[in-house]
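Reader: I would like to learn how to read the packing of helices and strands in a model such as this one. Could we go through it feature by feature?

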Amino acid sequence: MNTKPVRIARIHLTEADHQLNDIMQCLHDSEKISGATAYRGIEGYGSSGKIHDSSLLDLSFNLPITIEFFDESSNVLDVIEQLKQQFNLSQIISWLADQH
């Protein structure tokens, strides 16, 4: 079985950040990342400690969003630095993996 080493990155934000479309467009158009997916969470919290959930009483639509993408490790590390500067992102993690 052939495998290829890649790096996966995960960006955490909320709907209230209003950055999802711009980040996805950047990953696709400008950075030419191999693949990316955005996930909408049903509940979560981050550095603020505030819980964001999908209760019927919460009409703010401020649910957690995760964007995950992968490519060659050096490319992903460069893109992370670019995204941090361009979008003022602070919650990004990455790790090495094998693409099968």
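**Helix packing and the sheet**

Author: Asp22, Ile23, Cys26 and Leu27 of helix 1 meet Val79, Leu83, Gln86 and Phe87 of helix 2, where contact means heavy atoms within 4.5 Å and helices (H or I, at least four residues) and strands (E, at least two) are DSSP runs numbered from the N terminus. This is a predicted model, in which local features need pLDDT of at least 70 and side-chain atom pairs count only at pLDDT 80 or more, while totals for chains, interfaces and linings use all residues. Residues are numbered from 1 along each chain as its sequence is written, and side-chain values use heavy atoms, with hydrogens and water left out.

Reader: At what angle do helix 1 and helix 2 pack, and how far apart are their axes?

Author: Two packed helices are described by the angle between their axes and the distance between the axes. Here helix 1 (residues 20–30) and helix 2 (residues 73–87) pack at about 145°, with axes 12 Å apart; axes are lines fitted to C-alpha atoms, for helices over the stretch in contact, and angles run from 0 to 180 degrees between N-to-C directions.

Reader: In what order do the four strands form the open sheet, and is the pairing parallel or antiparallel?

Author: Strands of a sheet pair through backbone hydrogen bonds, either parallel or antiparallel. In this model the order is 2-5-1-6 and the pairing is antiparallel, two strands being paired if DSSP finds at least two bridges between them. Strand 2 (35–40) and strand 6 (92–99) are the edge strands, each pairing on one side only. Six bridges join strand 2 to strand 5 (residues 64–71), and Ala36 has Phe69 of strand 5 as its bridge partner.
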